[in-house]
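Me: I would like to go through this structure slowly, one step at a time. Could you help me with what is paired and what is packed in it?

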Amino acid sequence: MKPRGFIAMVLVLVIGSTAQAGGAETSTTSADSQVAAASPSPYLEWLRQQLPRPRFDAGYVGSESCRQCHGEEFGSWHRSYHRTMTQPATADSVIGRFDGSTVDCGGLPYRVFQEGEGFWAEMPDPDVLMYVVQGGRKVPLEKIPRVKRPVVMTTGSHHYQTYWVTSPRYPGLLQTLPLVFLKEGQRWIPRDAAFMRGPDDTERIVTQWNHHCIRCHSTGGNPGLDDQGQLKSAVGELGIACEACHGPGRVHMEKQQSLRQVPAALPAAPQGQDGSIVNPSRLDHRRSSEVCGQCHGAYTMRDEFAMEFARNGPLYLPGEDLSRTRNYMTHPHMGGGAAEGEDLKRNQGFYESRWWDDGTILAGGREYTAFLGTKCYTRGTMSCLSCHSMHDSDPNDQLKVGRDGPAACTQCHRETKFTTGLERHTGHAAVSSGSNCLNCHMPHSTYALFKAIRTHEIASPQVVSSARYGVPNACNLCHLDRTLAWTQEHLMKRYGHREVPLSEEQRTTSAALLWLLKGNAAQRVITAWHFGWEPAQKTSGTHWMAPFLSQSLADAYGPVRFVGARSLRTLPGYADFKYDFLAGAVQWSNAVSMAVQHWPGIPPEEAARPTVLLREGGAVDAGRLTVLLREQDRRSVTIME
């Protein structure tokens, strides 16, 4: 095995050069008390000792201490997926079925099971696998010794959950169990299959929680690198808890206790304004947004602070200047100079896995990065808290009540054309999805977690990025049956846009079909999701979709297959369509054939619709379909969500 310094080297490299992303179901002062408070059983006491140590050095007191005075706020946070982002692996937190199943992960079997109160995995030794993957001597897979490791911690609970095991060689190091349990479908899948990765990217995902996930999936997480290169990680609390947004609470708690004990000792101050705690809602729009941006952004740690973080933990506290210790990244196309162009050439893979080619955000978890470029923020006073709330929201998206429609925008844009005159502005009925400001100005063009999510780069619909870079636009993600030329014509006529050159295909074939059939993997997965999006189905009709959406079932990318199958099942007659996105190439090809044969077709009297590859009488233009699939953009796509 590699020497102790190896872990330190990996830690420094990751902290200094890796861009971060932003989260899911008890919490008290630390990982220690999160377990201890649950039960005094010997197992839970043992589990407590396996988790990151509690931090007593930085003023963290834990959410349970906040509960004493802020019960309502504690309750709303407790219902959130921020709380459940990282948890001790107990019967209350584990959603995976540890039922003795064996899951194949790239040719390596992993068996998951329970013994008593504990959750276990029989698996190839993760320490040896880490050594091999990260540059050590190559070892045949079948030669990697199998070990039995306890699962001690979970990550996620909203869409899926992954797990962490201990490392006896490196005390305190938490290694990934490379499996994911999907809530949708209630099944295990290899962790590699949960992410958009190029089919030729066979390098295994080997992750250590201590130097990667600790930064955004815990509160006050300190990797704890010591002089011997060992990790002695500690946290204020597992998950994203009260002090992640409000700052360490010890001074605030002691001050409030003092006031209660000796009422005249200090002058009274309005709740939350005694200066010892941060309330993000009372910060200006930049500082309040930075509280969210500490996790929901793409950044690199400034070189001079990388080792300090590795040894001592967070260098940012809510209310401070986030840019003091971090470089927040923007795409070189947003700069446009010669230096930016050279940077793009040197780091092409870095940018392609996080941004569309026009410089807008592709990967989920970078909402703050996207938001930084919008005029609502740079010229106005819009903040993350304008629409989102931890305490007054639906846990699914943390949106305030009413912020899923025009009210999100009219809180600032109160002019008549955006309110009572909305139909004239949008060209759509006031009650339709086309008059929902978000659908036009924040389309679902970002990808994460097997779905398209709204971009946070608030901008008006335009054709140029679609024509030049293939970035899906709001109009054609709803009007799936329309061409890019159709969109351009309407934008020119209604909003005075300038004409941009279009290819013959862009003028004659549905933009959505071009993205779905011929586009790269990012275009395909975003478009496949929209084929199942109710507003797009109502706008475009569904009777023509099945033969084209079915092609996704044999895609080279697992997430495209998964999303395509989910959307297919929303079409009439396909709700019970049987399909396994991990079954294998032969089964995928057969599924495409079955899905196409199941299509009832469209009425024979319907006129030809060449824009969606339908001939006179409703027959599919098989020749054109074949050409588009043959010309598919097969460039390797990895999305670092």
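Reply: Two strands count as paired if DSSP finds at least two bridges between them. Please keep in mind that this is a predicted model.

Me: In S6, which residue is the bridge partner of phenylalanine 119?

Reply: Strand S5, residues 118-124, is joined to S6 by six bridges, and the two strands run antiparallel. Within this pairing, the partner that phenylalanine 119 meets in S6 is valine 151.

Me: Which residue of S7 is the bridge partner of threonine 155?

Reply: S6 pairs with strand S7, residues 160-166, in the antiparallel sense over four bridges, and the two form a hairpin with four residues between them. In the turn, glycine 156 has a positive phi of about 90°. Threonine 155 also stands opposite threonine 86, while its bridge partner in S7 is threonine 162.

Me: How many of the 10 residues of strand S6 are buried?

Reply: Buried means under 20% relative accessible area. Strand S6, which spans residues 146-155, is mostly covered, and the number of its residues that are buried is seven.

Me: How many residues in the contact of H23 with H26 are nonpolar?

Reply: The contact includes Val525 and Trp529 of H23 and Val560 and Arg566 of H26. Two of the contact residues are polar and two are charged, and the number of nonpolar ones is seven.

Terms used. Residues are numbered from 1 along each chain as its sequence is written. This is a predicted model: local features need pLDDT of at least 70, side-chain atom pairs count only at pLDDT 80 or more; totals for chains, interfaces and linings use all residues. Side-chain values use heavy atoms; hydrogens and water are left out. Contact means heavy atoms within 4.5 Å. Ala, Val, Leu, Ile, Met, Phe, Trp, Tyr, Cys and Pro count as nonpolar, Asp, Glu, Lys and Arg as charged, and the others, Gly among them, as polar. Buried means under 20% relative accessible area, exposed over 50%, partly exposed in between (1.4 Å probe, protein chains only).
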